Amino acid sequence: MKKVSILLFAAVLILSPLFYSTKTTVLANERTPIRVTDKIPAVKSEKELQDYFAKVQKVQENPYGKVDTAILESSAESKDSASGGNHSTTNNQVDGVDEADIVQTNDSHVFTISDQNVLILNVKDPKKMTKEATIKLKEDFYPTELLLAKDTLIIIGQRNFTVPMYSDRPADSKKIGMPMQSMVTVYFYDVSNPASPVLTREIATEGHLNGARVTNNTLYYVTNMYPNFWMLRENVDMELRPLTYDSKTDKEVKAMSYDSIHILPNSLEGNYSIISSIDINNLEKNEVATKGYLGGSEQMYMSKDNLYLTSSIYNPMESNENTFMWNPGTMDTKVFKFALSSSGVEYIASTEITGTVLKQFSMDEHNGFFRVVTTEGNSWDESKPSENHLFILNARMKIVGSLTGLAKDERIYSARFMGDKAYMVTFKETDPLFVIDVSKPNAPKVLGELKIPGFSNYLHPLDENHLIGFGYETKSINVDYSKEPLIIRDAMKVSLFDVSDFANPKEKDTAIIGGQGTYSPIQYDHHALFQHKAKNLFGFPVAIYEKTNERDYPQFKQEGALVYEITPEKGITLKGDLLRAKNPNLEYEEWERSIQRMVYMDDSLYTLSMKEITSYDLNTFNKISTLGY
């Protein structure tokens with residue numbers, strides 16, 4: 001796969017001028033050429049799509065990115081969240097842009113996934129919680145995420161659809177492929193009467209889910225799909241378009257129209273990013289807008305106005321074909337920008353930036369500018385150590401400002417943009433927290449840096465002068481086989497950072513949890529964070545592990561959840577210990593009872609697992625009742 005990826009990138013560099021009219025701007029302080037593309041053509045015919053995938057095949061078959069004349073000639077021919085009110089909301093990155101999660105709430109009910117069903121739980125009375133309804137979904141559907149928009153519950157998951165032997169070509173030309181295709185499927189339920197949810201619509205798009213958001217009462221979701229284009233060798237009539245389904249108009253799945261498919265700039269990956277949207281205001285009448293873009297997507301960031309998708313570019317190092325040494329090359333990133341509207345998305349522009357993007361929090365949009373942090377290279381590569389960069393791009397995706405070469409020999413572990421400031425955590429042996437001024441897009445600058453042991457995987461704003469970091473302590477151990485010490489992840493750590501003095505950020509307080517092996521889903525999924533702004537409460541599920549001595553493996557102790565009050569004045573104070581009692585007979589967590597999410601409603605706190613919900617008094621954290629399901 002590494003070799004194939006290297007080949008793809010080399011061919012993209014050679015072939016891209018033949019596909020698109022691009023403008024290249026080289027800034028004085030940047031090494032990377034910036035390509036900004038104003039238009040991308042729609043695919044006009046089946047032949048054009050087949051020609052594209054034929055090029056992808058040939059590129060994959062060519063060693064070390066060598067592209068023969070035949071490919072170039074054929075290319076020329078086809079030129080044409082926050083918490084508020086009296087109940088919880090999902091911990092969203094951008095205010096007004098709701099993210100999908102496994103649990104949703106309103107002012108009286110909790111909606112949660114349990115196995116292949118979705119449960120509607122009436123928790124208005126924490127002493128007498130009831131399972132008010134069970135949405136039993138199809139046997140071949142596996143729910144993964146939920147969204148709640150007023151009285152509409154949106155259930156998203158994966159379902160296998162039977163593919164008919166059909167074609168919009170002559171009757172004797174049939175689609176050949178797998179009889180079943182996995183499709184991201186979305187069910188819309190009217191839950192105005194929670195005891196009797198009503199299915200109003202079902203839509204589906206071939207592929208696997210990248211992400212889903214709701215803003216301005218419109219659902220947007222992105223899927224990635226890799227077609228079986230290698231079957232072209234055996235059958236020229238292979239269907240290469242993604243499949244879609246809409247219960248409002250379709251009796252069976254169908255292929256997307258050619259004019260809804262576009263080829264993203266400099267793309268020969270051979271896979272699709274499919275963006276679908278629908279206005280939820282009038283589900284029974286509104287149309288689904290679906291566009292397919294040839295060019296894969298990895299990370300996804302969305303503001304109220306724009307959607308950004310990223311894709312990695314593989315840069316091959318100079319290679320000696322007579323050696324067998326591993327040669328991974330380096331990676332950079334393509335960023336694609338799409339404008340949002342209730343009628344769908346519109347491609348705006350794209351660019352290439354140095355390094356790779358870690359996750360959605362590495363990106364941000366503010367006052368019309370897109371900001372992103374990346375890591376270039378690998379910390380273990382002594383010949384070219386890793387370094388980190390910040391780029392600021394304007395509305396047309398041109399770089400207007402940057403900081404490069406930060407924290408050499410380290411990589412980014414977390415980042416957070418807060419208005420005119422950016423915060424970035426890198427790590428190899430210590431945890432530098434960078435405070436960066438991005439108020440002037442053309443002149444960002446580092447204001448301060450804090451180095452402490454350990455690292456933060458997730459940064460959460462407390463107020464404009466304080467950040468909460470969720471991460472780990474680390475230990476440094478000297479070893480005989482290396483000059484550098486071995487860095488080992490240790491106990492979980494919650495940090496309160498004071499950044500009121502931008503030049504001198506401080507770790508004001510910490511909470512150390514468990515020992516080596518302790519973990520929480522907050523480390524990799526920000527939706528697992530519980531917060532109650534009015535009470536300054538923050539909580540998360542956790543599994544506690546500890547070592548009895550340095551030679552032993554970490555041993556499981558107990559699991560549950562912890563709730564802290566975090567304020568600039570008092571620091572970090574444990575308020576709710578919701579850990580189950582230690583059971584020496586348990587070697588691991590009980591996955592069916594492991595807490596996945598925490599929510600609140602009025603003065604009650606609720607913990608949810610796969611098989612039960614438990615209520616607590618939000619002031620005393622005393623247990624009230626448990627409902628199994």
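**Figure 1. Thr607 within strand 40.** Strands are DSSP runs of E with at least two residues, numbered from the N terminus. In this predicted model, Thr607 is found in strand 40, which covers residues 604–608. Thr607 has a relative accessible area of 4%. Because buried means under 20% relative accessible area, Thr607 counts as buried.

**Figure 2. The surroundings of Thr607.** Leaving aside residues up to four places away in sequence, Thr607 touches Leu578, Ile595, Arg597 and Met598 as well as Glu612, Ile613, Thr614 and Tyr616.

**Figure 3. The two faces of strand 40.** In a regular strand, side chains alternate between the two faces of the sheet. On one side of strand 40 lie Ser604, Tyr606 and Leu608, and on the other lie Leu605 and Thr607. Both faces are covered, and these residues are all buried. Strand 40 is accordingly described as mostly covered, with five of its five residues buried.

**Figure 4. Strand 39 beside strand 40.** Strand 39, made up of residues 597–601, pairs with strand 40 in the antiparallel sense over five bridges. Within this pairing, Arg597 stands opposite Leu608 of strand 40. The hairpin of strand 39 and strand 40 has two residues between the strands, and Asp602 takes a positive phi near 55 degrees there.

**Figure 5. Strand 41 beside strand 40.** Strand 40 also pairs with strand 41 (residues 612–617), in the antiparallel sense and over five bridges. Ser604 stands opposite Asp617 in strand 41.

Technical notes. Residues are numbered from 1 along each chain as its sequence is written. This is a predicted model: local features need pLDDT of at least 70, side-chain atom pairs count only at pLDDT 80 or more; totals for chains, interfaces and linings use all residues. Side-chain values use heavy atoms; hydrogens and water are left out. Helices (H or I, at least four residues) and strands (E, at least two) are DSSP runs, numbered from the N terminus. Buried means under 20% relative accessible area, exposed over 50%, partly exposed in between (1.4 Å probe, protein chains only). Contact means heavy atoms within 4.5 Å. Two strands pair if DSSP finds at least two bridges between them.
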